[in-house]
Amino acid sequence: MIAAAFLATSVLNRRTTWHRLLLFGIAFLFAGRYIWWRATSTLAPPGLTFDFLASGSLFLFEAAALVGSLSAFVMLTRTRDRSPDATENLGWWEPGPMPKVAILIATYNEELEVLERTVVGALALRHPRKEIFVLDDGRRDWLRDYCGRMGVGYITRPDNKGAKAGNMNHALALLDASPEPPDFVAVLDADFVPHRGFISRTLALFRDPKVGLVQTPQHFFNADPIQHNLGLSRSYPDEQRFFFDHMQAARDAWGVAFCCGTSSVARFSALKEIGWFSTDSVTEDFMVTLVLQEAGWSTAYLNEPLTEGLAPEGLKEYVTQRARWCLGMMQIARSKVGPFARNRLRLRDRWSVIDSVLYWTTTFPFRLAALVYPLFYWFANVTVVDATVPDVIRYFGTYYIWVIMALNFVTLGVVAPVLTDVSQLLGALPICRAAFVGLLRPKGHPFKVTAKGGDRSRVTVQWALLAPFAVILALTLIGLTIGILSDRFAFYDAGDGKAVVLFWTLYNVLVLTFTILVCIELPRRERHIADTPERAELMPDGGIPQEVWLVALAQDRVRIRGADCATGARGTLRIQGVGDVPFLALSATDDGARLSLMPDDAQRTALLERFYADGEAPGVLNIRMAALVEGITRRLSFNEGPR
């Protein structure tokens with residue numbers, strides 16, 4: 001199987017539909033073969049026994065999760081790249097007037113450091129016929145004054161009804177009543193900075209008169225909690241890369257890509273036709289896609305890095321965000337555009353919603369079940385899997401190898417089994433709660449904002465999140481020890497059950513260990529750093545100017561190589577595209593010095609544009625195995641090392 005996987009990846013093209021169909025078709029066959037074996041050969045004998053209840057219920061958890069995986073495999077058999085269309089249709093409105101674009105930046109409690117990046121990036125957009133509006137549901141005087149200084153619009157309202165959707169609807173109604181409403185509306189979260197070509201590239205796809213909305217991927221310039229707390233910010237992609245870089249492109253090929261809120265542009269007339277954004281779900285973005293589709297408008301996905309934002313820096317915020325997404329999807333499933341409601345949606349749109357519901361309602365319960373069920377074996381001698389080791393290798397091993405190979409082939413390597421399990425396990429409890437509460441009681445849930453910014457300078461242990469995993473890990477280790485030392489609790493009466501559950505348990509120990517490490521949040525430093533060395537001129541006060549290399553340039557500090565600079569020395573540093581920036585030397589290094597930068601307002605704006613509005617996708621786009629192993633090793637040794 002490993003040889004076949006290597007052979008397949010060497011001769012197939014990941015962009016060719018029939019090649020992808022072949023890969024996932026084979027995965028389907030192995031999945032069917034595996035689940036048939038599980039159903040017919042691995043369950044305890046039927047009856048009112050703990051063995052049958054345990055093995056049967058685990059099988060149902062696994063089968064449900066497998067259905068969700070198979071739906072995703074079908075989705076991934078296609079992919080679409082709209083970049084050639086965007087290039088071909090740039091400026092399609094000429095010689096007519098350039099479309100007017102309103103850029104809406106919704107905010108509630110974000111601090112100035114977060115907001116100013118987005119405002120500066122919006123002002124730097126190449127599209128000249130634009131208006132920028134900050135929609136402040138926090139009603140803050142300092143933000144109103146800042147918007148006035150920057151020359152952008154400031155809109156507030158007397159209440160926060162409808163949360164983010166209500167905030168945008170209020171602004172859209174005001175724009176509709178203005179003498180010249182916009183032709184298009186771009187939506188940016190307060191922490192998402194557009195690249196200079198964001199508007200021009202997305203508008204190109206609106207040449208198709210049926211396109212009502214264009215979504216672009218969300219890239220992040222900082223590490224998410226998993227990357228940061230495991231020391232993998234330079235070796236492992238953020239958790240959203242699989243979805244935005246690959247799943248959304250696959251959905252677009254099926255015609256079911258959906259709006260993800262920020263980093264999207266919508267046709268103003270289309271939004272007006274459907275009555276703006278729906279407030280029936282806390283994920284108004286997915287819902288607006290379905291309502292637009294029901295009205296005859298389509299959603300296009302442009303898979304280009306045209307914005308970059310701030311990933312949740314804290315684990316609590318990370319989990320809260322995903323639980324909100326889950327709750328919102330359950331609300332949509334129970335809404336007028338749900339898959340079983342009487343509406344005008346296509347079958348593929350209904351499948352799109354069902355696919356998302358399956359992901360939230362099957363993946364995370366199975367992840368928890370996989371941790372708990374081995375304990376039944378170790379402590380109560382309950383048969384959870386009745387199988388031999390050769391059969392496990394023959395049926396599960398072949399399926400697993402092929403699926404991992406296929407996923408990493410079509411995604412260029414973003415799937416790491418243990419780390420994927422960790423990312424799902426972290427939010428499993430609140431997500432399961434949100435899934436079933438949302439299905440049973442979809443109304444009346446408040447919108448929970450994902451907090452950004454704040455002090456991240458200390459080690460913080462998230463005890464509430466860590467405690468359940470610590471308890472399960474302790475029980476797992478106790479059960480494992482008992483099983484190794486004694487056969488009184490764990491017998492050999494379930495095939496090679498003890499060996500099978502032993503391997504399963506050791507894997508769980510590994511996953512739980514990493515999960516607990518992620519719950520210990522490490523201090524964070526600068527969120528965005530330009531690491532590519534570049535030439536600059538160091539001009540110390542009273543000294544001789546010298547050519548130096550800039551390393552790890554940030555907004556307020558830099559490390560230089562190639563020149564000595566005594567601690568406390570002052571001067572200016574000439575940075576290309578920024579100017580002569582005053583500095584104070586903080587400390588000497590082996591090959592240079594660390595400097596504190598003191599830019600004026602214009603230089604600060606230039607630095608913000610340079611960090612966020614220019615360049616390609618930030619972050620890591622696929623796994624770098626050598627660096628990943630090094631990072632994991634360093635973290636397990638409790639040596640944080642350079643970050």
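Modeller: This is a predicted model. To start with one label, threonine 481 has a relative accessibility of 41% and counts as partly exposed.

Biologist: Why is threonine 481 called partly exposed?

Modeller: Buried requires under 20% relative accessible area and exposed requires over 50%. The value for threonine 481 is 41%, so the residue falls in between and is called partly exposed. Threonine 481 sits in helix H18, residues 463-485.

Biologist: What makes glutamate 521 buried?

Modeller: Its relative accessible area is 7%. The cut-off for buried is under 20%, so glutamate 521 is buried. This residue belongs to strand S12, residues 520-521.

Biologist: Which residues is glutamate 521 in contact with, leaving aside its neighbours within four places in sequence?

Modeller: They are Asn229, Glu313, Gly314, Leu315, Arg458, Val459, Thr460 and Gln462.

Biologist: How do you know that a polar contact joins the side chains of glutamate 521 and glutamine 462?

Modeller: The distance is 2.6 Å, and a polar contact needs a pair of N or O atoms within 3.5 Å, one able to donate a hydrogen and the other to accept it. The pair is therefore counted as a polar contact. The side chain of glutamate 521 also has a polar atom 2.8 Å from the backbone nitrogen of leucine 315.

Biologist: Why are strands S13 and S14 said to pair?

Modeller: Pairing takes at least two bridges. Five bridges join S13 (residues 534-540) to S14 (residues 546-551), so the two strands pair. They run antiparallel, and one of the bridges links glutamate 537 with glutamate 547 in S14.

Biologist: How do you know that the radius of gyration agrees with a compact globule?

Modeller: For 643 residues, a compact globule would have a radius near 26 Å, and the chain has 27 Å, so the two agree. The C-alpha trace spans about 80 × 65 × 50 Å along its principal axes.

Biologist: How many of the 643 residues are buried, as a percentage?

Modeller: The buried share is 55%.

Technical notes: Residues numbered from 1 in each chain as written. Predicted model: local features only at pLDDT ≥ 70, side-chain atom pairs only at ≥ 80, totals over all residues. Heavy atoms only, no water. Helix = DSSP H or I, 4+ residues; strand = E, 2+ residues; numbered from the N terminus. Buried < 20%, exposed > 50% of the residue type's maximum accessible area, 1.4 Å probe, protein only. Contact = heavy atoms within 4.5 Å. Rg over C-alpha atoms; globule rule 2.2 N^0.38 Å.
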